[in-house]
Amino acid sequence: QPFINSPAMARRLSTPLVMLAAGLSLTAMQEGFIPEGRGPQGPKLSRRAMWLAPVLGKAAAAMAEEPISSDLVLVDATNLLLPSTETNLNRLLRKLQQETGLKLRLICPPRGIQDNRDEFEAWLKPFKKDLSVSLDTVVILAEERFMARAKQIPLQLMSIQAGSRLQERFQYRLTNGLLISIAERYGNSDSVAKTGPDLAIEQATRNVAAAMFALIDDPQVRYLRALPEDQVAKILQKHGL
């Protein structure tokens with residue numbers, strides 16, 4: 001059964017959950033890449049990036065003036081994460097928000113639901129407020145997916161998207177190149193086959209969080225690619241993580 005790890009909502013649920021970036025704007029979804037694989041010219045824009053745009057745009061407008069109602073930061077609907085990993089990542093994401101005001105959310109939805117717009121929208125509605133996702137949030141979406149015509153061939157494990165307000169705030173410092181690079185480094189099928197989804201998701205989340213900490217720590221820093229592991233460790237240790 002899926003598990004939501006949150007002081008405000010610590011309970012087992014009898015049905016799968018679906019959460020995604022309810023606050024990401026239409027512009028951000030249309031312009032941002034959600035890697036689904038690589039084509040001749042590089043990362044391809046996932047089809048779901050297009051149909052999710054109006055859904056997320058409406059949710060953003062509805063939530064724009066609402067205060068945070070919950071400190072839910074992580075949803076794992078398919079038990080991709082070990083309990084110890086969930087605990088560590090919950091602490092990481094809460095610490096990031098507490099110290100910097102920046103929000104990073106990790107969503108592991110039920111398999112297959114991302115490709116069904118109606119089903120996705122129905123599942124999203126009851127829970128979007130609890131994640132307090134807005135235009136200034138980064139969302140990591142992780143799901144084990146496979147090619148439609150070749151079920152044994154896995155697709156990239158995760159995609160990462162920053163809300164338009166966050167992109168505007170940091171402009172050329174928090175780049176799509178950084179987020180795509182992190183998703184591809186840890187989410188590509190070869191890497192996941194070696195590490196497993198639990199470690200892959202943990203490493204990717206730590207990399208994004210380290211970059212977000214650094215954006216506040218150093219006004220001059222700019223990242224175009226995933227951070228080296230030793231740099232990630234150094235940044236997080238600075239913040240007691």
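Is Asn79 buried, partly exposed or exposed? I looked it up: Asn79 is partly exposed, at 40% relative accessibility. My cut-offs are under 20% relative accessible area for buried, over 50% for exposed and partly exposed in between, with a 1.4 Å probe and protein chains only.

**Ground rules.** I am working on a predicted model, where local features need pLDDT of at least 70, side-chain atom pairs count only at pLDDT 80 or more, and totals for chains, interfaces and linings use all residues. Residues are numbered from 1 along each chain as its sequence is written, and side-chain values use heavy atoms, with hydrogens and water left out.

**Entry 1: the whole chain.** I found 10 helices and 8 strands. Both are DSSP runs numbered from the N terminus: helices are H or I of at least four residues, strands are E of at least two. Of the 241 residues in the chain, 55% are buried. The chain exposes about 11,300 Å², and carbon and sulfur atoms supply 51% of that. Those areas come from the Shrake-Rupley method with a 1.4 Å probe. I then checked contacts, meaning heavy atoms within 4.5 Å. Among contacts between residues at least 6 apart in sequence, 73% join residues at least 24 apart.

**Entry 2: positive phi.** Most residues other than glycine have a negative phi. I noted two residues with a positive value. Asn79 has phi near 55°. Asn79 sits in the loop between β5 (74-76) and α3. Gln171 has phi near 45°. I placed Gln171 in the loop between α6 (164-170) and α7 (176-187). Gln171 counts as exposed, because its relative accessibility is 51%.

**Entry 3: α3 on α9.** How are α3 and α9 oriented to each other? I took helix α3 as residues 83-100 and helix α9 as residues 197-217. They pack at an angle of about 10°, with axes 11 Å apart. Axes here are lines fitted to C-alpha atoms, for helices over the stretch in contact, and angles run from 0 to 180 degrees between N-to-C directions. The two helices are therefore roughly parallel to each other. Angles under 35 degrees count as roughly parallel, over 145 as roughly antiparallel, 65 to 115 as roughly perpendicular and the rest as oblique. The crossing of α3 and α9 is left-handed. That term applies if the near helix is turned anticlockwise from the far one by less than a right angle; clockwise is right-handed.

I listed the residues next. From α3, the contact includes Leu89, Leu92, Leu93 and Leu96. From α9, it includes Ala209, Met212, Phe213 and Ile216. By class, the contact of α3 with α9 has 8 nonpolar, 4 polar and 5 charged residues. Ala, Val, Leu, Ile, Met, Phe, Trp, Tyr, Cys and Pro count as nonpolar, Asp, Glu, Lys and Arg as charged, and the others, Gly among them, as polar.

**Entry 4: Thr100.** I stayed on α3, which holds Thr100. Thr100 counts as buried, at 15% relative accessibility. Leaving out residues up to four places away in sequence, Thr100 touches Phe213 and Ile216. I also read the C-alpha to C-alpha distance from Thr100 to Met212: 8.4 Å, across 112 residues of sequence.

**Entry 5: α7 on α9.** The axes of α7 and α9 come within 9 Å and cross at roughly 160°. That makes α7 roughly antiparallel to α9. The crossing is right-handed. On the α7 side I noted Leu178, Ile182, Arg185 and Tyr186. On the α9 side I noted Ala200, Gln203, Ala204, Asn207, Val208 and Ala211. The contact of α7 with α9 divides into 7 nonpolar, 2 polar and 1 charged.

**Entry 6: α9 on α10.** Helix α10 covers residues 229-238. I found α9 and α10 packed at an angle of about 60°, axes 9 Å apart. That makes α9 oblique to α10. Their crossing is left-handed. Among the α9 residues in this contact are Arg206, Ala210, Phe213 and Asp217. Among those from α10 are Val232, Ala233, Ile235 and Leu236. The contact of α9 with α10 has 7 nonpolar, 2 polar and 4 charged residues.

**Entry 7: Phe120.** Phe120 is buried, with a relative accessible area of 1%. Pro109 is 11 residues away along the chain, and the two C-alpha atoms are separated by 9.5 Å.
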